[in-house]
Amino acid sequence: MTWTSYRNRGEILRTVIATADARRDGLLPWDVEGVAESFGDELTLLGALQLRWHTRLAGRIERELMARPMAFEAAVIDAWRATAAELPGIRAIVDHHRAEPVDEQMAAAMDKATAKERILLAVMAGQASAHDSSAAAVGARIEEKARAGWVLAPVPEPAAHTGLHAHILGRLKAVKAAFAA
């Protein structure tokens with residue numbers, strides 16, 4: 001993969017995430033321009049989204065634990081909720097494909113990703129080690145607690161060009177008109 005294609009893939013992934021956040025329907029935004037060429041199949045795109053979720057969650061947990069070093073479980077729960085609020089489209093896609101994988105390969109991948117996420121939750125909450133056979137079950141209980149208090153914000157209405165955006169847009173139109181004259 002060349003640098004240009006890697007950079008383009010990153011831009012396409014950001015567009016996919018923005019589209020998923022806007023839709024929140026749990027479906028992979030396969031209709032975004034360049035997705036098929038950059039990712040090839042649903043499992044690859046889902047894997048990229050799952051990786052983005054996991055990375056963001058792990059970073060958020062670290063920040064919460066630095067702020068509250070003795071409140072392990074509460075920090076992990078708050079980090080999960082904050083990450084879900086920040087990436088609602090990815091969370092919806094991951095949940096949808098966890099519940100309804102398109103094939104056995106996706107089911108196996110989602111099972112593995114789910115187990116790893118739950119182990120992360122349990123370990124970071126100080127309730128298991130990564131090698132404990134019960135770590136995924138402990139993490140599942142922590143995830144349930146996080147979901148129980150998680151309130152998904154409503155899908156925002158499309159923004160009208162008002163306020164600052166209208167001001168900037170008006171200035172850009174004026175500049176364009178000045179150069180056109």
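User: In this predicted model, at what angle do α6 and α7 pack, and how is their arrangement classed?

Analyst: The axes of α6 and α7 lie 7 Å apart. The angle at which these helices pack is about 80 degrees. Because angles of 65 to 115 degrees count as roughly perpendicular, α6 is classed relative to α7 as roughly perpendicular.

User: Which residues of α7 meet α6?

Analyst: On the α6 side, the contact involves Ala115, Arg118, Ile119, Leu121 and Ala122. Their partners in α7 are Ala135, Ala136, Val138, Gly139, Ala140, Ile142 and Glu143.

User: Which residues of α7 are buried, and what does their cover include?

Analyst: The buried residues of α7 are Ala135, Val138, Gly139, Ala140, Ile142, Glu143 and Ala146. What covers them includes α4 (72-86), α5 (88-99) and α6 (104-124).

User: How far apart are the end C-alpha atoms of helix α7, and what span should its 14 residues have?

Analyst: Helix α7 covers residues 135-148. At 1.5 Å a residue, its 14 residues should span 20 Å. The end C-alpha atoms agree with that expectation, being apart by 20 Å.

User: How many aromatic pairs are there, and how is the pair of Trp53 and Trp80 classed?

Analyst: The count comes to 2 aromatic pairs. In the pair of Trp53 and Trp80, the ring centres are 5.8 Å apart and the planes stand at 75 degrees. Since planes over 60 degrees apart meet the criterion, this pair is edge-to-face.

User: Which parts does the pair of Trp53 and Trp80 tie together, and how many residues apart are they in sequence?

Analyst: Trp53 belongs to helix α3 (residues 42-67), whereas Trp80 belongs to helix α4. The pair therefore ties together parts whose separation in sequence is 27 residues.

User: Is Trp80 buried or exposed?

Analyst: The relative accessible area of Trp80 is 0%. Because the cut-off for burial is under 20%, Trp80 is classed as buried.

User: Where does Trp150 lie, and which residue does it pair with?

Analyst: Trp150 lies in the loop between α7 and α8 (163-180). Its edge-to-face pair has a distance of 5.4 Å centre to centre, with 90 degrees between the planes. The pair ties together parts 70 residues apart in sequence, as the partner lies in helix α4. That partner is Trp80.

User: Which residues do ring pairs link into a cluster, and which residue lies over the face of Trp53?

Analyst: Ring pairs link Trp53, Trp80 and Trp150 into a cluster. Over the face of Trp53, at 4.5 Å from the ring centre, lies Arg91.

Key
Residues are numbered from 1 along each chain as its sequence is written. This is a predicted model: local features need pLDDT of at least 70, side-chain atom pairs count only at pLDDT 80 or more; totals for chains, interfaces and linings use all residues. Side-chain values use heavy atoms; hydrogens and water are left out. Helices (H or I, at least four residues) and strands (E, at least two) are DSSP runs, numbered from the N terminus. The expected span of a helix is 1.5 Å times one less than its number of residues. Buried means under 20% relative accessible area, exposed over 50%, partly exposed in between (1.4 Å probe, protein chains only). Contact means heavy atoms within 4.5 Å. Rings of Phe, Tyr and Trp (its six-membered ring) pair if their centres lie within 6.5 Å; planes under 30 degrees apart count as stacked, over 60 as edge-to-face and the rest as tilted. A charge sits over a ring if NZ of Lys or CZ of Arg is within 6 Å of the ring centre and within 35 degrees of the ring normal. Axes are lines fitted to C-alpha atoms, for helices over the stretch in contact, and angles run from 0 to 180 degrees between N-to-C directions. Angles under 35 degrees count as roughly parallel, over 145 as roughly antiparallel, 65 to 115 as roughly perpendicular and the rest as oblique.
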